[in-house]
2 protein chains.
Amino acid sequence: MSIAKKIKSSMSQSSMIRKMFEEGILLKKKYGADHVYDFSLGNPNVEQPKEFKRELIKLAAENIPLKHGYTPNAGYPETRQAISGKISKKTGLKVSADHIVMSCGAGGALNVILKALLDPGDEVIVLKPFFVEYPFYIENYNGVIKYVNTKSDFSLDIEAIGRSINKRTKAIIINSPNNPTGRVYSKKNITELARLLSRKGRALKKPIYLISDEPYAEIVYDGVKVPSLLNAYQNSIIAYSYSKTLSLPGERIGYIAVNPKIHEAGELINALILCTRILGFVHAPALMQRIVARLQNAAVDVKIYRKKRDLLCKGLARAGYKFAKPEGAFYLFVKSPIPDDVEFVKMLLKKNILVVPGSAFGGLGYFRIAYCVDDATIVNAMKGFAEAISETTTY
Amino acid sequence: MSIAKKIKSSMSQSSMIRKMFEEGILLKKKYGADHVYDFSLGNPNVEQPKEFKRELIKLAAENIPLKHGYTPNAGYPETRQAISGKISKKTGLKVSADHIVMSCGAGGALNVILKALLDPGDEVIVLKPFFVEYPFYIENYNGVIKYVNTKSDFSLDIEAIGRSINKRTKAIIINSPNNPTGRVYSKKNITELARLLSRKGRALKKPIYLISDEPYAEIVYDGVKVPSLLNAYQNSIIAYSYSKTLSLPGERIGYIAVNPKIHEAGELINALILCTRILGFVHAPALMQRIVARLQNAAVDVKIYRKKRDLLCKGLARAGYKFAKPEGAFYLFVKSPIPDDVEFVKMLLKKNILVVPGSAFGGLGYFRIAYCVDDATIVNAMKGFAEAISETTTY
């Protein structure tokens, strides 16, 4: 045996999505990319805001000493200052540059947070359906995953979360707007969660951390507001990414924001900085740190995503599919017309439609559509979606 | 207790360098940056090759579909192709794009490699003196560090390495040109190591991996050649970074190159790709991947570093310091005039000179000078270096 046993087993487990992905490549080769409707990946196709390109061109030509040199492990002070200023204004809290640690996207941020917090055997609550990477991230640091179902409308089931908390519980991860459901947790739902965590923390005489994974914070529709987690709960930590806000997932830039009132703030922040270093990130990419400092008020045009969502929802509803209309992000989590979601995904594959089975997210009986694709892909896929559902009988 | 116990203990252990760093900031505030001689950090001050800026400006303006989107976890095929072509040409081996996985610098590469290889309790040999991050990287994946001394000239002590190998040994990390010593291992030394590892591997019926950390591969002097590890040993894996070759440490770009003949190559490569994903790197930064693909033949002007090395070596030798003249990298590992290197570093601090005690690298009785600084800093620090040694009596 050469590679690590755990990695070997992960490789065989994650082979389902991989196979789907490989089938997609084969289909595109066979039929041409235009005749394959690929809704499998959350790779934003919406343009960066125009300010981004302008700043990139400007910055590329600028002469700055040590322009591409190492930055402090926590990131440039100016960038952290710009971000803390924006958060302070939004929340009314006294968030300073010290409370911000720049990260390689939200994926990097979550790994750094979990590394800083978890002792072996510590439990982390993950809500079903979940972003496929959470279990890996927790296991990376010898944590134990505690799955808890959400309600049928994918909102937080406070009682179920309460029942899962015990003396080994270190943290809960939430993700709103949610991947894969598009759900945004209401202010009431978040307040109830905060109360529960405070009460349990007092009883257990230790903080229970609320880790909020927020790459989609800016991608919301119909005037829905994403409640501030920092305002709601003292022991909250935000993992943010510019991947979706600025359509930059390839550039690996985001940050960690720590609640200024969090338990032992100074020590936690130092731990996050150390973990950024020793996990090999060292720090977030320098050029992108400079750019996001200048683009705190820029964002992609969300109307473009809303149009795609509406096109997709209208078409699928007409064909007879059942789903909750997403309030944010760019995913639709659709009930599979037959109980076996993997089977139905294979039926869609025969129509050259690529989606991901819900069971990959712990959401058996559903499938996920990532609608960050051309409008034409949505429109042209509708025939296949309609045919597939009409070929099932048990819906 | 809120943060992880291991991180808490790491934070107290790594406080010595931190204190030095903080003292440096205080000194600079008090005396002005021009009057503080900071040799503590390996942050290259040499300009990027001119091709870099030209390509960055060009690329910033180009319209490419999904230009800043997710790349494959292993990196862009074109970038991997360009790198494998260069390595194939250099080594004569059939290295293909498949054998290359792009990484967030060498730090990212080493973490991905160790995550892919290590089962809990697996031993990794680290040679003293060592780059300070190796122990962290190994412990991140529950590996056990096995320290082995190098010889008095910092070359590989093959017999000592041989004695340290047992059935739990998974890998050895080497770093040539070396940080902190500047040593380049000779072809003979590398061949002996390869023979030893092959022999031990056969006896133990398992591969012993040679992980070669090569960020300084291009920074060598006086016509010294860095022997190819891929040619020397079948089970070799290279962790490379453009940080020093292109003076880009802030942009976090490098790669892993796997020997095409390595034990179970396909499975190992898939493991490296999976680990890049699940550690939260996701992939190396997209823009920098595009740039390095175009800059395979560019490098900083090494003559600039050589001049600094010569200035420093001449000055220190004249003052009576003892050291081996570095053959590569931009570090000088100097014998402390008194046995207690931390104490001597404090004496230098009183002369406003910042260096790192050798004990931080497991090299008791030495101190490290990073000479990637202005020539003026080297020249102006000489007075303080001379005074400090003259104030000691036991040299």
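Tutor: Two residues are in contact if their C-beta atoms, placed from the backbone, lie within 7 Å. This is a predicted model, in which local features need pLDDT of at least 70, side-chain atom pairs count only at pLDDT 80 or more, and totals for chains, interfaces and linings use all residues. Residues are numbered from 1 along each chain as its sequence is written, while chains are lettered from A and ligands numbered from 1 in the order in which they are written.

Student: How many residues does chain B bring to its contact with chain A?

Tutor: Chain A supplies 57 residues to this contact. The same surface serves both copies, as 100% of the contact residues of chain B recur in chain A. The number from chain B is 57.

Student: Is strand 3 of chain B largely enclosed or open?

Tutor: Helices (H or I, at least four residues) and strands (E, at least two) are DSSP runs, numbered from the N terminus. A residue is buried if 20 or more other C-beta atoms lie within 10 Å of its own, exposed if 12 or fewer, and partly exposed in between, with C-beta atoms placed from the backbone. In strand 3 (residues 123–128) of chain B, five of the six residues are buried, so the strand is largely enclosed.

Student: In which sense do strand 3 and strand 4 of chain B pair?

Tutor: Two strands pair if DSSP finds at least two bridges between them. Here there are six bridges, and Val124(B) stands opposite Ile145(B) in strand 4 of chain B. The sense of the pairing is parallel.

Student: What is omega for the cis peptide bond between Lys128(B) and Pro129(B)?

Tutor: Most peptide bonds are trans. Pro129(B) lies in the loop between strand 3 and helix 6 of chain B. For the cis bond that joins Lys128(B) to Pro129(B), omega is about -5°.
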